[in-house]
Amino acid sequence: MRRTAWVYILFFTIIPFFCDASLPPRTQIQAHILKQFDTIEYNDIGRKASTAELKGLIDTSKQIHFREGVLRGLILLQRNALRQNEYALAENYGDDAAQLASSLNDQHSLSLIHLNRIRTAIGLGFYTEAKEMINSAEFDHKIPNEVDRSLYRCNSELLLAGIFSKQGKNDSLLFYTEKSLKTVQSIPILSLSYSQKTRYYYYLIFQLMNMGIAYTYKVNPPEINLAESYFQEALSYEKTHPQYFKLCNIEVYESVSAFYLTKGDYYKCIEFSKKVLDHERIKNKPEERLDAYMEIKDAYKALGNTEEELKYLRLYQQLSDSLKDSQKKDAIDLSRKKITEIKKETKTNYSKLRIATLGFSTAIVLIFSYFNIRKRRKYHKHYTLLIHKLQANQKKIEETENEEKSATTGKSLISDEARRKLLKKLEQFERSEKFLRKEMTLTSLSNLLGTNPKYLSDIIKNSKSQNFNNYINGLKINFIVRKLFNDPEYREYKISYLAEKCGYASPQVFVIAFKKEHGVTPSYFITQLKLNLNARSDTITSS
């Protein structure tokens, strides 16, 4: 940190000697701050920038009251946090940036903040909300610069394509990928700023690559020749615009390698995988190296070259083991760091509080113990209730009573006969486990059941006493509860796997939904199941 500070002091001390002497010194510093941000963004597109460097530039901007510099840094910090899946931190940076951008009436910056918030929603699995955020935004009319408006539209369409990809809606994926490409291709390139030019070529090359991927894997039957033409066009920028191609060269090479493996052109697959390996040494992306090893291994296997196949299999296994060990080490180091911080904090607090009376300290301990015990009792009460519910075998008597009760409460939009038929279809839907699909909306379920969303919403509200989202979440959570209760193997899985198994894109959202449904966290439930041997022999029938 001390070295970083000296670098900035030196930089801003000598900078006037290298600037346009006609500019005031403060303006010179501002120009160089923006240039530094441009350089960071150019070098780090698709990767995580240096947080320390960004914060250093923000601090310098604050010292000279350069609010535009502070704003630029906050948006990049928001982007960094997103790439690390630190969504709460990203939102904090986004809130600070939005407040500053609003005070400056900077619509372009507000649009970038908004796009990052959409990425947060996508990262958490809130695809419907993300689409609404895209469709409800009005930056198309508010951003003053025409190029920035086009880049914003391109980015929005790119995100929509990503959402439809996650939902398995390949027609929509292809439509928005092509639309995003056409948007960026329509931008006049003669008057682009440095930052705009960087974004322009990055999106252009990236979307050409995505079109190749779409026509290879997302259409049926695959259109191999058309896909290859897009890949070749993306690769052409390697020669015509190498300074921009390098922003996403590894991603393009990796995609082209996978394409030629699919096509059966194994020598070209090997050629482009080895290009991945060459450039990965510079960018240090071990996950991409792992993919390259696997593709080269598969290509040599198809060619019948056992010696080379085994060579790259060994390299793959060694790197895979190394990455796993590294992840474990990072987790251990993080734990040790947290423990050290806690010890320091405890020691400091002890020094500050050792003059307090023993009675006061004892009272604090007793209060803490009381709330801790009460929390444990509350959790155990919820756990016991859940176990009793599972052991009750979920007889159909209560469901029948609920149906009869719901038939007499509230005004229904449909006849009794139609309601009975729809309820029967809902029961079949619940047994089919189709509710585990990551994106099950009211509209998609109504289409599946052959009704309309209004009738289905009415049935769920009156018969299940829930709204649609709570109904689906309840089905998902109770599915995994039954699995955990019946199958000891499930108790050994990671929370992230359980979340994915029952249709949640994010473990955090799964934990929140589980606790909301049953009052305990999945970790607590699993721990108690392991401790109670009698739970291992009990079984339940699926509802």
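Axes in this tour are lines fitted to C-alpha atoms, for helices over the stretch in contact, and angles run from 0 to 180 degrees between N-to-C directions. The model is predicted: local features need pLDDT of at least 70 and side-chain atom pairs count only at pLDDT 80 or more, whereas totals for chains, interfaces and linings use all residues. Residues are numbered from 1 along each chain as its sequence is written, and side-chain values use heavy atoms, with hydrogens and water left out.

**Stop 1: helix 12 and helix 14**

Select residues 224-240, which form helix 12, together with residues 249-263, which form helix 14. Helices here (H or I, at least four residues) are DSSP runs, numbered from the N terminus. The two axes lie 11 Å apart, at an angle of about 150 degrees. Helix 12 and helix 14 are therefore roughly antiparallel (an angle over 145 degrees). Their crossing is left-handed, a term used if the near helix is turned anticlockwise from the far one by less than a right angle.

Next, display the side chains in contact (heavy atoms within 4.5 Å). Helix 12 contributes Ile224, Ala227, Glu228, Phe231, Gln232, Ala234, Leu235 and Glu238, and helix 14 contributes Val252, Tyr253, Ser255, Val256, Phe259, Tyr260 and Lys263. By class, this contact has 10 nonpolar, two polar and three charged residues. Ala, Val, Leu, Ile, Met, Phe, Trp, Tyr, Cys and Pro count as nonpolar, Asp, Glu, Lys and Arg as charged, and the others, Gly among them, as polar.

**Stop 2**

Move to proline 221, in the loop between helix 11 (194-217) and helix 12. A cis peptide bond joins asparagine 220 to proline 221, with omega at about 5 degrees. Most peptide bonds are trans.

**Stop 3: helix 10**

Select residues 170-185. Helix 10 has 16 residues and reaches 22 Å from its first C-alpha to its last. That span is close to the expected 22 Å, taken as 1.5 Å times one less than the number of residues. Colour Leu173, Leu174, Tyr176, Thr177, Ser180, Leu181, Thr183 and Val184, which are buried (under 20% relative accessible area, 1.4 Å probe, protein chains only). The buried residues of helix 10 pack against helix 9 (146-166), helix 11 and helix 12.

**Stop 4: serine 111**

Serine 111 lies in helix 6. Is serine 111 buried or exposed? Serine 111 counts as buried because its relative accessibility is 0%. Leaving aside residues up to four places away in sequence, serine 111 touches Phe139, Ile143 and Tyr152.

**Stop 5: two loop residues with positive phi**

Select histidine 65, in the loop between helix 3 (51-63) and helix 4 (67-83). Histidine 65 has a positive phi of about 60 degrees although it is not a glycine. Histidine 65 is exposed (over 50% relative accessible area), at 64%.

Then select asparagine 105, in the loop between helix 5 (87-104) and helix 6 (107-123). Phi of asparagine 105 is positive, near 50 degrees, and asparagine 105 is exposed at 56% relative accessibility. Most residues other than glycine have a negative phi.

**Stop 6: helix 23 and helix 26**

Finish with helix 23 (residues 468-486) and helix 26 (residues 522-531), whose axes come within 10 Å and cross at roughly 25 degrees. Helix 23 is therefore roughly parallel to helix 26 (an angle under 35 degrees). The crossing is right-handed, the clockwise case. Val481, Leu484 and Phe485 of helix 23 meet Phe525, Ile526 and Leu529 of helix 26. By class, this contact has six nonpolar, no polar and no charged residues.

How values were computed
Angles under 35 degrees count as roughly parallel, over 145 as roughly antiparallel, 65 to 115 as roughly perpendicular and the rest as oblique.
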